[in-house]
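User: I have a new model open and could use a quick tour. Can we start with the ligand?

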Amino acid sequence: MVTENLKSVEERIQAACDRAGRDRRDVKLVCVTKTKPLPLLQEAYADGQRDFGENKVQEILAKKPQLPPDIRWHMIGHLQTNKVRQIIGQTVMIHSVDSMHLAKEISRRAAAAGIVMPVLIEVNAAKEPTKFGVMPEDCLSFVREAAALPAINIRGLMTSAPLTDNPETNRIYFSKLRQLSIDIISENIDNVNMCELSMGMSGDFEVAIEEGATIVRVGSAIFGERHYA
Ligand SMILES: *Cc1c(COP(=O)(O)O)cnc(C)c1O
């Protein structure tokens, strides 16, 4: 099932790139594996996938030792500051920096480990009250302040658009994120490389690619619906 689903997702990514006149190599697929058992991850790995996304620290720490070491793990979910110490060194990128408190803790723990942690700033593009993320109007000042921290490197922005049956309704949020990143680039802030836009999930990744996504995070379209205990 995973192999067929990946093939279809890949075709849809390619088609969206073609529509937007973009190079397929400029869009990274992160396979979102949360709640899914190891055999499904192994199937995706056998199909050539190397970027896996999880939203819980415990789940990354449990799965990682049981899978090949060349998998790049992405932390995509809300991260509590008391879990930061455990995740440093286990993940190639933290997509979900949503508070200055968290940014400071990541920098502090990364410095202690002797590394610089690549991060994305999560933006609540649709201003949903139930969601984490920096408000769009606060994003520039947030990036300025976080950029001064010594052991994080800000690589771009991330958003999760509202759940919807019609992906077109999320286009404005993706284009808003892209515009925000352009505005930030024009400020030339030290230690900020706004090269990544992590946006688009199973329901809306094609629209996100058309609006400039460089990373799409796709779970259920590859691994099937999630069933929470
Ligand atoms: C679960 C999750 C995804 C993937 O969602 P699907 O709709 O299953 O593709 C993407 N991003 C984040 C932050 C998630 O938590």
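Analyst: Arginine 217 has a polar side-chain atom 2.9 Å from a nitrogen atom of the ligand. A polar contact here is a pair of N or O atoms within 3.5 Å. This is a predicted model: local features need pLDDT of at least 70, side-chain atom pairs count only at pLDDT 80 or more, and totals for chains, interfaces and linings use all residues. Residues are numbered from 1 along each chain as its sequence is written, and side-chain values use heavy atoms, with hydrogens and water left out.

User: How far is the side chain of arginine 226 from an oxygen atom of the ligand?

Analyst: An N or O atom of that arginine 226 side chain is 2.7 Å from a ligand oxygen atom. Lysine 34 also has a polar side-chain atom 2.6 Å from an oxygen atom of the ligand.

User: Which residues are around the ligand?

Analyst: Among them are Val32, Ile76, Met158, Ser160, Met201, Ser202 and Gly219. Each has a heavy atom within 4 Å of the ligand.

User: New topic, helices. At what angle do α1 and α2 pack?

Analyst: About 50°, with the axes of α1 (residues 2–20) and α2 (residues 38–46) 9 Å apart. Axes are lines fitted to C-alpha atoms over the stretch in contact, and angles run from 0 to 180 degrees between N-to-C directions. Helices are DSSP runs (H or I, at least four residues), numbered from the N terminus. The two helices, α1 and α2, are therefore oblique to each other. Angles under 35 degrees count as roughly parallel, over 145 as roughly antiparallel, 65 to 115 as roughly perpendicular and the rest as oblique.

User: Which residues meet there?

Analyst: Val2, Thr3 and Leu6 in α1 meet Leu40, Glu43 and Ala44 in α2. Contact means heavy atoms within 4.5 Å.

User: And how do α5 and α6 pack?

Analyst: Helix α5 (residues 100–113) packs on α6 (residues 139–147) at about 25°, with axes 10 Å apart. That makes α5 roughly parallel to α6. Met100, Ala103 and Lys104 in α5 meet Phe142, Glu145 and Ala146 in α6.

Conventions: Polar contact = N/O pair within 3.5 Å; in protein donor to acceptor, adjacent residues only side chain to side chain.
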